[in-house]
Amino acid sequence: MSTTGPRTLAPRTETSWRRRRLDPGAPRGLRLTLAVAAAFLMLAPFTSLALLVLGAWPPLHRLDTSVTGALHDHALDHPGWVRLMAVWTDVFAPMPLRAAALALVIWLVRRDARRLALWVVVTMVLGGLLGPLLKLLVGRNRPELLEPVARAAGYAFPSGHALNAALAAGVLLVVFLPFARRPAQRAALWATALLIAALTGASRVALGVHWTSDVIGGWLLGTAVLAATAAGFTIWRHTSPVARPLSHREPAPPRR
């Protein structure tokens, strides 16, 4: 009676990422390069913006106060607009988005997409931890208005709503774009993701609970986190050994 040899783990023999980083024929290396570049390109302006906020740069302060003042005047004259913005900001607040991400993770695990599920968890958790930490480090106060239409607790920069909306939008695209076969479906996904991120951030300024630069900072940080975790998981997938079957059977042991 013959037996087959055990399945072994053998590392894949591929050219290094250093050679594949800009090769269109090696999509993984190219994706990793683009993800690292995107993380840097988003993190650099976020850091610059945070330094301007810390330094109370006068042009930025004037921009923030002028936009907040104009939107606050509009809100006082249009209570229906305030109600719409309040509903939107509550529906797409960080906690509902995290609950939706948890449901998505469960769905991915059931579909045996565990690595993608783990990426969603790491992305949402990392962003959720960085936001409050940076708020404490920057320590920026929220707008103080004479007749506020909404209130929020804690520090302002970066906006947690904008940060988590950007994370959720990125997760939506990464998970569901592969299922969108038609251009119209892909366009609808992109439009939905951009609408969630843009309107959630804008609602915070419209309600007078954040400065414009807080929201921009949240968007930049969220995009940087998405790119960084995507790059990290691309490296992990590249370096993980892959099980592959032996090309031949081992000889059967002799009969006695």
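Modeller: Helices here are DSSP runs (H or I, at least four residues; strands are E, at least two), numbered from the N terminus. This is a predicted model, where local features need pLDDT of at least 70, side-chain atom pairs count only at pLDDT 80 or more, and totals for chains, interfaces and linings use all residues. Residues are numbered from 1 along each chain as its sequence is written, and side-chain values use heavy atoms, with hydrogens and water left out.

Biologist: OK, what kind of peptide bond joins Phe 157 and Pro 158?
Modeller: A cis one, with omega about -5°.

Biologist: And which residue does Phe 157 form an aromatic pair with?
Modeller: Phe 46: the two are stacked, 5.6 Å centre to centre with 15° between the planes. Rings of Phe, Tyr and Trp (its six-membered ring) pair if their centres lie within 6.5 Å; planes under 30 degrees apart are stacked, over 60 edge-to-face, the rest tilted. Phe 46 is in helix 2 (residues 27–54) and Phe 157 in the loop between helix 6 (114–138) and helix 7, so the pair ties together parts 111 residues apart in sequence.

Biologist: How many aromatic pairs turn up in the whole structure?
Modeller: Five.

Biologist: Switching topic: what's the phi of Ala 56?
Modeller: Positive, about 50°, although Ala 56 is not a glycine. Ala 56 is in the loop between helix 2 and helix 3.

Biologist: And at what angle do helix 3 and helix 4 cross?
Modeller: Roughly 110°, with the axes of helix 3 (residues 58–77) and helix 4 (residues 79–91) coming within 5 Å. Axes are lines fitted to C-alpha atoms, for helices over the stretch in contact, and angles run from 0 to 180 degrees between N-to-C directions. The two helices are therefore roughly perpendicular (65 to 115 degrees; under 35 is roughly parallel, over 145 roughly antiparallel, the rest oblique).

Biologist: Which residues meet there?
Modeller: His 74, Ala 75 and Asp 77 from helix 3 meet Pro 79, Trp 81 and Val 82 from helix 4, contact being heavy atoms within 4.5 Å.
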